[in-house]
Every structure is written in C-alpha cells, then in structure tokens.
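Please open the structure in your viewer and keep the selection tool at hand.

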Amino acid sequence: MFEKKLKQFAKMSQALGVRADYAQGGGGNTSVKLNDEFMAVKASGYKLKDMKVDDGFVVIKYKEIQKYYAEVDLESDTDFYKDSTAFVKANTVTLPGLKDGMRASVEAGFHSLVYDYVLHTHSVYANLLCCTKEGKSIADKIFGKSEYGYAWVPYITPGFDLTLGIKHLLDDHDVMPKIIFMESHGILVSSDDYDECVMLHEMVSEAILEELDLPNEFEYVGLEETGEDTFVSKSEILKGYFKGTGRDSKWFEANILYPDQAAYLSGNVADGCCGNKININGGTGEVIYKTNYKEALTMEESIVALAYIMENAKAKKMTPVPMKQEDIDFIKNWEGVKYRKNLLKK
Ligand SMILES: [Zn+2]
C-alpha cells in the first residue's frame, strides 16, 4: 500500500538525516500525504536517518487534524497542548505491516496544513538566519520574491501554538508559500511534487551560503569512546572553541538558540570533569560526554550546530538571538519533549 510514496518518504528523510548540518539527534521531521485521508509523519524521537518504508513513522488522519485547528475554540477552558496531542493520538491509524504504539512527531500539526511532501529541519544554514537579529531582513531579501512563495513565522512555542500560528499565517496568503522560515527554530519546505520539495530544501541552504558568501563546508560529527559511557568530541570545529575562551556551562545556558538545544543542552553542561552529561574542560578545550552513545551523539551534534551558527554569525557580524528563559523552561517541562528524551535512554 502506498509503496511509491513511502519509498520517496524514506529516501528524502534519510538523505536529510545523514547530515548533522540539517538534523541533530532526533530533530527535524518529514511527512507525506498518502491520499486524501492519510499522512505518514515521522514518529517522535526517531532519527530521520533511521526512517524506512515500514518503520519510523506513524500514519494519521490529517484532514481531521486540519479540522481540529479550523474549529478550535480558544475561549474554552482546555489544555490545548494535552488536548491536541490526544487528538493526534486518537487519529493515528495502524497500517498493515506497521509497528504499533509509536507517537507522531510533536510537530505533526503543521505538517497537516501544508503541501503533500514536507521537510522540516533545524538546518544550521536556515538557523543562521532564524537565530540572528539580521536574519529576517536577509531572508526577506533572498526569498521575498521567490516564485515558490516565502513566509517568516515569528517565534512561537512548538506544538499546539506553533501549528495554530502557522495556520493563521497560511490563512493570510492567497497562495500557500512553499518556503517557511521559523524564527529561533528552523526551516519548513513543502510541495505537492516530490522532486521540488527535495530541491527546495537544498536550494534554501545554497542560497543562504551564497548570499552570505560562506563556504559550503560543515564538519561532521565524531565521537571517540574513552571509557564506559564516556565519549570525547573529535569534531574539528569544537577544537579550540572552548579552550581558554570562557565558554563554560553559564555560556551555554545564555546561548540556547532554538528549542532542541533547550531540550538537549540546557541543564546538562558542567565545567571540568565529570559532573554532568556534557563536560567542558576550559583548560584543554575538551568536550567529554558521560552518557550512552545515542545521547552523547545527539548532544555532540547539537553543540556542533550551535558552534557553527555562533562562529558564522560572528564572522558575518550578525547578532545571535538566544531564546528567552521562559521559553526554555517551557520546552524543558513539556511532556512531548520528556517523551523524546526518554527514548534516548533506550
Ligand atoms: Zn522543529
């Protein structure tokens, strides 16, 4: 059933997922509308690179989700974060041959609203714009007149509020934009055409690099195991990034740029060794992880992305805009994020 679309879905997800410049840990998500009723969307906590034609996603009745957001009564006394999550769950179906019991991505809501093929990532290139003061005007300049349509969404808490915010934004457009920048969060591209959707994600990255005159190079992530549940960062960009630069645990807390960094980094960094999951030795510059490989890698990818954005923002005289403490606290206490973090322990 839906063989061709599910193959495309797995292919486009894996292609993004193998790149730490696009997806860090279980971040980012993809979807495809299979017909007028069903949408396959990445399961929460899964990595994009692990998506297969028969695993890593759930199928939801997306028209029902659309209806939910069209009819929602904000005056009612409802916990919409709980309610919308339960609604997605209630509209999750199990196709024959698919695993049961997985949960749809916390971002399934906005996937329901846009074109058939959807790619959403926390691309470091898009986030160089999404997480800096100057980013919006640069994005406006590059994409403002794009034939594919472009929109910029101000920061909105992920989940129910973000989906509703995107719905309102789309309601304001005669033609639905295919390129949507999400402030302090990431990029969302969608199209009814598979090739166009894949092209758009790539094109956005390239256009940003070209506009900012940055080389197309991102150093991939590497970890070396040095003991039981102990790993040391081998990523080139992090060498020297912490050595004698004063970038310590306090610096991390003050420079969280987007929700996944709040989820993976905030509260997990210590100075020296080895008081926490992430340990920064300001003397040697070493980054030491004291946790399982899966979580260490997710954290490493998040730190590399953070360093990439901070370094390039600095080089281009752009001003990073860290998340507000109240927004960070919301993310850390959100049940949907706790669910994802629990999956990292397995
Ligand atoms: Zn996201």
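Domain bounds here come from an automatic or database domain assignment. The model is predicted: local features need pLDDT of at least 70, side-chain atom pairs count only at pLDDT 80 or more, and totals for chains, interfaces and linings use all residues. Residues are numbered from 1 along each chain as its sequence is written.

**The two domains.** Select residues 3–212 as domain 1 and residues 223–345 as domain 2. The C-alpha centres of domain 1 and domain 2 are 24 Å apart. To the contact between them, domain 1 contributes 25 residues and domain 2 contributes 27 residues; two residues are in contact if their C-beta atoms, placed from the backbone, lie within 7 Å. Next, select helix α5 (residues 124–130), which supplies the largest share of the domain 1 side, 3 residues. Helices (H or I, at least four residues) and strands (E, at least two) are DSSP runs, numbered from the N terminus.

**Leu209.** Select Leu209, which is found in helix α8 (residues 194–212). Is Leu209 buried, exposed or partly exposed? Leu209 is partly exposed because 16 other C-beta atoms lie within 10 Å; a residue is buried with 20 or more such atoms, exposed with 12 or fewer, and partly exposed in between, C-beta atoms being placed from the backbone. Not counting residues up to four places away in sequence, Leu209 touches Tyr125, Leu214 and Asn216. From Leu209 to Phe38 the C-alpha to C-alpha separation is 36 Å, and the two are 171 residues apart in sequence.

**The sheet.** Now display the open sheet of 8 strands, whose order is β4-β3-β2-β1-β5-β8-β7-β6, with mixed pairing. Two strands pair if DSSP finds at least two bridges between them. The edge strands, β4 (92–93) and β6 (150–153), each pair on one side only. Strands β1 (residues 29–33) and β2 (residues 38–42) run antiparallel and are joined by 3 bridges. Select Val32 to find its bridge partner in β2, Ala40.

**The nonpolar core.** A nonpolar core is a set of buried Ala, Val, Leu, Ile, Met, Phe, Trp, Tyr and Cys residues joined through C-beta atoms within 7 Å. In the largest one, of 91 residues, Ile60, Phe181 and Ile309 touch the most other members. Helix α11 (residues 293–315) gives the most to this core, with 11 residues. At least three residues of this core come from each of domain 1 and domain 2. Finally, select Ile60, whose contacts include Met39, Val41 and Ala104.
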